[in-house]
Amino acid sequence: MAHPSNAFPKEFYLVNGAKTVTGDFYAIQVLVAANAVMTVKGSGIFDPLALNAAGADQYIDPATGGSLAEGSHAAGQYERLSTYAGTVPCVVGTTIYGSFNSVEGTAGDQFVVYSK
């Protein structure tokens, strides 16, 4: 088992309202969710896309490693580009784990963001 100090955050930030924090984060704890979504950038975030959906260029083409071409992809789960600021659903009392480099709240939101 790893030493417990490896599991504790090195720093944490309170996102209170329409604020954005950037850094290297591994968890977001939702204290207040005004509109039930937050905007994040990060890696390893997958979304379902319909056949030839608009906005596909914000996702990684698994065959090439580059961005998907607009209007020429199959329906399925695709990973977001790490530069894409997309929404993630959030529910009060939950902790969302992942690899994030930007977290943005909206008016009335409160999140605690934990740094690696």
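Visitor: In which sense do S3 and strand S7 pair, and over how many bridges?

Guide: Two strands pair if DSSP finds at least two bridges between them. Strand S3 and strand S7 (residues 95-104) pair in the antiparallel sense, over 5 bridges. One place to look is Val 40, which stands opposite Val 103 in S7. This is a predicted model in which local features need pLDDT of at least 70 and side-chain atom pairs count only at pLDDT 80 or more, while totals for chains, interfaces and linings use all residues. Residues are numbered from 1 along each chain as its sequence is written, and side-chain values use heavy atoms, leaving out hydrogens and water.

Visitor: How many bridges join S3 to S6?

Guide: There are 4 bridges between S3 and S6, and these two run antiparallel. You can find Val 37 opposite Pro 89 in S6.

Visitor: Which side chains along strand S3 are buried?

Guide: In a regular strand the side chains alternate between the two faces of the sheet. "Buried" means under 20% relative accessible area, "exposed" over 50%, and "partly exposed" in between (1.4 Å probe, protein chains only). In S3 (residues 37-43), Met 38, Val 40 and Gly 42 point to one face and are buried.

Visitor: How many helices and strands does the protein chain have?

Guide: Both are DSSP runs numbered from the N terminus: helices are H or I with at least four residues, strands are E with at least two. The protein chain has 8 strands and 0 helices. Buried residues make up 30% of its 116 residues.

Visitor: How many salt bridges does the structure hold?

Guide: Side chains of opposite charge can pair when their charged atoms come close. The cut-off for a salt bridge is a side-chain nitrogen of Lys or Arg within 4 Å of a carboxyl oxygen of Asp or Glu. The structure holds 2 of them. In one, the side chains of Lys 116 and Asp 24 meet at 3.4 Å, N to O. Lys 116 lies in the segment after strand S8 (110-115) and Asp 24 in strand S2 (residues 20-32), so this pair ties together parts that are 92 residues apart in sequence. Lys 116 is partly exposed, with a relative accessible area of 41%, and Asp 24 is partly exposed at 41%.

Visitor: At what distance do the side chains of Asp 47 and Arg 80 meet?

Guide: Their salt bridge is 2.6 Å, N to O. Asp 47 lies in strand S4 (residues 46-49) and Arg 80 in the loop between strand S5 (76-79) and strand S6 (86-89), so the pair ties together parts that are 33 residues apart in sequence. Asp 47 and Arg 80 are both buried.

Visitor: Is Ser 115 buried or exposed?

Guide: Ser 115, in strand S8, counts as buried, at 9% relative accessibility. Contact means heavy atoms within 4.5 Å. Beyond its neighbours within four places in sequence, Ser 115 is in contact with residues including Tyr 13, Asp 24 and Phe 25.

Visitor: What is the mean pLDDT of the protein chain?

Guide: pLDDT is the predictor's confidence in each residue, from 0 to 100. The mean for the protein chain is 87, and 94% of its residues reach 70 or more.
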